[in-house]
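Me: I have a chain open here and want to go through it with you. Can we just take it piece by piece?

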Amino acid sequence: MAGPPRKPDMKRHFIKLIFGRQDPLRQNQVNPVPHIKKIESVWESYHYNDFGIERIFRLFLVASKVLFPGIYIGYIGKNPSDHSREIRGEAYVITKTIFPFVMLYYGLWDHKWLYILNIYLLIETFLHIFHKIFLPEHDKHKTHNRSLILLFLNFIEVIASFAVIYAAGNYLNQPVTNGMDALYFSFITGATVGYGDFYPVNSQGKTLVMLQIISTLSFLILFFNFFAPRAQDKI
């Protein structure tokens, strides 16, 4: 006699939704000091025969990541699998993307410590983008589509983070009274459009605009020099 119908295993389905098909061969490949190995590889020039300012810049990029939480998030807990580390990294990127939007929505740009945290996370993203440009071999095991999605989230985060900075100061020709105006100006600046309704009127504002345009150029360089060739290889 057949028993009662089994209830669907929601936890199992949820895990499958997030993690997909897991490769058991990759589950226990956890290095206890993963980033130290990356610093060592740059120091020993395992991947590049670099020298001078190029070498110094690469060493700065790989060493500076130890000052930010991004490289530690995936290693919380005991012996996390590769999938767990990657999912935690994605959750961290999503959290960083949402954070400035929350500040804009609730008008929190005048809160000193939240403002400082916003800049701190923005600097981490800046360094991360340059890291991917100048040290692409450290991301060779990541899929093209996944990296492209994370890159898009990084770009949105930069737009919103700069919007918080614009909202917090008197940099433009007219006061920014709400988060939407700040986000609008940041977006048209990041897209290098500029309609002329908002524009910087002092040296601090002009410096911020130039820094944001540099960030846009960095994203474009990363896309065309790193992602575009990979996409062509699959055609």
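Me: Leucine 61, buried or exposed?
Reply: Leucine 61 is buried, since its relative accessibility is 0% and the cut-off for buried is under 20%. Bear in mind that this is a predicted model.

Me: Which helix is leucine 61 in?
Reply: Leucine 61 belongs to helix H3, which covers residues 52–64.

Me: And what does leucine 61 touch, sequence neighbours aside?
Reply: Not counting residues up to four places away in sequence, leucine 61 touches Leu127, Phe130, His131, Phe134 and Leu135.

Me: How far apart are leucine 61 and leucine 135?
Reply: In sequence they are 74 residues apart, and their C-alpha atoms are 8.6 Å apart in space.

Me: Phe130 and Phe134 again. Which aromatic cluster are they in?
Reply: Phe130 and Phe134 form one aromatic cluster together with Phe57 and Phe60.

Me: Step back a bit. How many helices and strands in the chain?
Reply: The chain has 9 helices and 0 strands. Read from the N terminus, the order of elements is α-α-α-α-α-α-α-α-α.

Me: What share of the residues is buried?
Reply: Of the 235 residues in the chain, 37% are buried. The accessible surface is about 14,800 Å², and carbon and sulfur atoms account for 66% of that surface.

Me: What about contacts between residues 24 or more positions apart?
Reply: Such pairs make up 71% of the chain's contacts with a separation of 6 or more.

Me: Now the largest nonpolar core. How many residues, and which have the most contacts inside it?
Reply: The largest nonpolar core holds 32 residues, and the ones with the most contacts inside it are Leu104, Phe162, Ile165, Tyr166, Tyr171 and Phe185. At least two residues of this core come from each of helix H5 (82–105), helix H6 (112–134), helix H7 (144–168), helix H8 (179–190) and helix H9 (203–233).

Me: Which helix gives the largest share?
Reply: H7 does, with 10 residues.

Me: And what lies apart from this core?
Reply: Another core of 7 residues, including Leu59, Leu61, Phe68 and Leu127.

Me: Back to tyrosine 166. What is it in contact with?
Reply: Leaving aside neighbours within four places in sequence, tyrosine 166 contacts Tyr171, Val176, Ala182, Phe185, Ser186, Thr189, Leu208, Val209 and Gln212.

Me: Let's do rings. How many aromatic pairs does the structure hold?
Reply: There are 10 aromatic pairs. One of them joins phenylalanine 126 and phenylalanine 162, edge-to-face, with 6.3 Å centre to centre and 75° between the planes.

Me: Why does that pair tie together parts 36 residues apart in sequence?
Reply: Because phenylalanine 126 lies in helix H6 and phenylalanine 162 in helix H7. Phenylalanine 126 is buried at a relative accessible area of 18%, and phenylalanine 162 is buried at 2%.

Me: What is the geometry of the tyrosine 166 and phenylalanine 185 pair?
Reply: That aromatic pair is edge-to-face, 4.9 Å centre to centre with 80° between the planes. Tyrosine 166 is in helix H7 and phenylalanine 185 in helix H8, so the pair ties together parts 19 residues apart in sequence. Tyrosine 166 and phenylalanine 185 are both buried.

Me: Last topic, charges over rings. What lies over the face of tryptophan 43?
Reply: Arginine 55 does, at 5.3 Å from the ring centre.

Me: And over the ring of tryptophan 113?
Reply: The charged end of lysine 112 sits there, 5.4 Å from the centre of the ring.

How values were computed. Residues numbered from 1 in each chain as written. Predicted model: local features only at pLDDT ≥ 70, side-chain atom pairs only at ≥ 80, totals over all residues. Heavy atoms only, no water. Helix = DSSP H or I, 4+ residues; strand = E, 2+ residues; numbered from the N terminus. Buried < 20%, exposed > 50% of the residue type's maximum accessible area, 1.4 Å probe, protein only. Contact = heavy atoms within 4.5 Å. Areas by Shrake-Rupley, 256 points an atom, 1.4 Å probe, with all protein chains shown as cover. Core = buried A, V, L, I, M, F, W, Y, C linked by side-chain atoms within 4.5 Å. Phe/Tyr/Trp six-rings, centres within 6.5 Å; stacked < 30°, edge-to-face > 60°. Lys NZ or Arg CZ within 6 Å of the ring centre and 35° of its normal.
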